[in-house]
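Student: I have a protein chain to go through. Could we take it in questions and answers?

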Amino acid sequence: MAVSSESTSREPPKKTQHDEAMGKSRGGLSTKIYAVVGSLGNPVSLIITAGQESEYGQATALIEDFAAEYVLADKGYDPDAFIKVITCSGATPVVSPRCNRTELRDYGKVLYRERNWVERLFQKLKQYRRVATRYERLARNYQAMLWLVASIIWVN
């Protein structure tokens, strides 16, 4: 019988900030939720990141697997590179230009009003306390809770 001198205890892997998707900002710890909604306001895609990350960082990941006629977004998604990604995908960008642009781009102001469906989705998500207060510590658990609430929103 051979006895090994190796330790058999396993330490759990350390959790990083990426695992928790928590970021520090002026208001404390926070998480950003990025959403894509369909034409009826139902959630189609949800991504979470740490609170200090830029909106533009997740822009291409949000729209890469969708075929859309129009892409409506707010001023945070105004960089020329993202507008080019939208036009290359065959969609028409309806993004309000930032006021500090040298060349103001034309966009459909009437169609831009439909962006409120995204805001309505976030108001529906906030009705669920577990999502609004973020009880889950790990990002994957919080993402799972978001998808659970999103499926309830689809059913209702």
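**Strands, burial and a pocket**

Tutor: Strand β2 (residues 28–37) pairs with β3 in the antiparallel sense, over 7 bridges; two strands pair if DSSP finds at least two bridges between them. Strands (E, at least two residues) and helices (H or I, at least four residues) are DSSP runs, numbered from the N terminus. This is a predicted model, in which local features need pLDDT of at least 70, side-chain atom pairs count only at pLDDT 80 or more, and totals for chains, interfaces and linings use all residues. Residues are numbered from 1 along each chain as its sequence is written, and side-chain values use heavy atoms, with hydrogens and water left out.

Student: Which residue in the turn between β2 and β3 has a positive phi?

Tutor: β2 and β3 form a hairpin, with 5 residues between them. In that turn, a positive phi of about 90° belongs to G41.

Student: Which residue in β3 stands opposite T31?

Tutor: The two strands β2 and β3 are antiparallel partners. Opposite T31 stands A50.

Student: Is S45 buried or exposed?

Tutor: S45 is found in strand β3 (residues 43–50). Buried means under 20% relative accessible area, exposed over 50%, and partly exposed in between (1.4 Å probe, protein chains only). S45 has 12% relative accessibility, so S45 counts as buried.

Student: Which residues is S45 in contact with, leaving aside its neighbours within four places in sequence?

Tutor: Contact means heavy atoms within 4.5 Å. With those neighbours left aside, S45 is in contact with Y34, A35, V36, L62, F66 and W147.

Student: How many disulfides does a search of the whole structure find?

Tutor: A disulfide is a covalent bond between the sulfur atoms of two cysteines. The search takes a pair of cysteine sulfur atoms within 2.5 Å as a disulfide. C88 counts as exposed at 63% relative accessibility, and C99 counts as exposed at 76%. The number of disulfides found in the whole structure is 0.

Student: Which strand supplies the largest share of the lining of the largest pocket?

Tutor: On a 1 Å grid over the protein atoms alone, a pocket is an open set of points where a 1.4 Å probe fits, with protein on both sides within 12 Å along at least five of seven lines; lining residues have an atom within 4 Å of a point. Of the 41 residues that line the largest pocket, the closest to its centre are A35, V36, V37, V118 and F122. The largest share of the lining, 7 residues, comes from β2.
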